Amino acid sequence: MQIKGKDLELLISESEIQRKVKELAEKISKDFQNEELYVVGILKGSFMFFADLVRNINLKLKIDFMQVASYHTSMESSGEVIFVKDLSVDIKDKNVLIIDDIIDTGRTLKALVEALQKRNPKNLKTCVLLDKKERREVDFDADYSGFIIPDKFVVGYGLDWAEEGRNLKEIYCIKD
Ligand code: 5GP
Ligand code: MG
Ligand code: MG
């Protein structure tokens, strides 16, 4: 398979993703047992992970989305975060779970969490499918994370390369 003339190399298969999604959903369901959860997807990259994850969470939950933008090239983020779309309700005293596709430098999620903490949620946790641990530039880790991956640019399962590849069922890295 190719995107923009570059070959893709399979990194995580559809069945590995689905197994991990179920495992994360079970953990989340257990941790928030008997609580109501407000699940927030970060657009656009998390949309597929979000949809699979919430289907497997066994709790009373409500969903919402946010979109943040960082000044970046197609492959790297700068750390400056702008809120393009905010939440539609007040999260004061709610259990909030932020879902993102990937944590890389950590700047996006750290900035987001700091901004949302100011609104006094009861509990604020983060969940990512992918973690490029070795790329971290700030002191921040997600509370739930699926796969630790190497420092390679990945596409598929919601993640894009210049807006292409989001519909792939698997996760690929780009061969150089
Ligand atoms: P951070 O602020 O942690 O550096 O950046 C997180 C955001 O950068 C992710 O939500 C994602 O939008 C983008 N990003 C980081 N690494 C990758 C990657 O390998 N592939 C894609 N498609 N996006 C990435
Ligand atoms: Mg993102
Ligand atoms: Mg992107």
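**Close-up views of a predicted model**

**View 1. Helix H1, residues 14–31, in the predicted model.** Helix H1 is made of 18 residues. From its first C-alpha to its last it reaches 26 Å, close to the 26 Å expected at 1.5 Å a residue.

**View 2. The buried residues of H1.** Buried in this helix are Ile17, Lys20, Val21, Leu24, Ala25, Ile28 and Ser29. An α-helix has 3.6 residues a turn, so residues three or four places apart point the same way. Lys20 and Ser29 are listed among the buried residues of H1 along with Ile17, Val21, Leu24, Ala25 and Ile28.

**View 3. The shell around ligand 1.** There are 16 residues around ligand 1, and those that come nearest are Thr105, Thr108, Lys132, Val154 and Asp160. By class, the shell holds seven charged, five nonpolar and four polar residues. Strand E6 (95–103) and helix H3 (107–117) each supply at least two of its residues. E6 gives the most, with four residues.

**View 4. Polar contacts of ligand 1 with Thr105, Gly106 and Val154.** The side chain of Thr105 has an N or O atom 2.5 Å from an oxygen atom of ligand 1. At Gly106, a polar backbone atom is 2.9 Å from an oxygen atom of the ligand. The contact at Val154 involves a nitrogen atom of ligand 1, which lies 2.8 Å from a backbone N or O atom of that residue. Ligand 1 taken alone exposes 510 Å², and the protein buries 86% of that area.

Key. Residues are numbered from 1 along each chain as its sequence is written. Chains are lettered from A and ligands numbered from 1 in the order in which they are written. This is a predicted model: local features need pLDDT of at least 70, side-chain atom pairs count only at pLDDT 80 or more; totals for chains, interfaces and linings use all residues. Side-chain values use heavy atoms; hydrogens and water are left out. A residue is near a molecule or strand if one of its heavy atoms lies within 4 Å of it. A polar contact is a pair of N or O atoms within 3.5 Å; within protein, one must be able to donate a hydrogen and the other to accept it, and residues adjacent in sequence count only if both atoms are side-chain atoms. Accessible areas come from the Shrake-Rupley method with a 1.4 Å probe; for residues, only the protein chains shown count as cover. Ala, Val, Leu, Ile, Met, Phe, Trp, Tyr, Cys and Pro count as nonpolar, Asp, Glu, Lys and Arg as charged, and the others, Gly among them, as polar. The expected span of a helix is 1.5 Å times one less than its number of residues. Buried means under 20% relative accessible area, exposed over 50%, partly exposed in between (1.4 Å probe, protein chains only).
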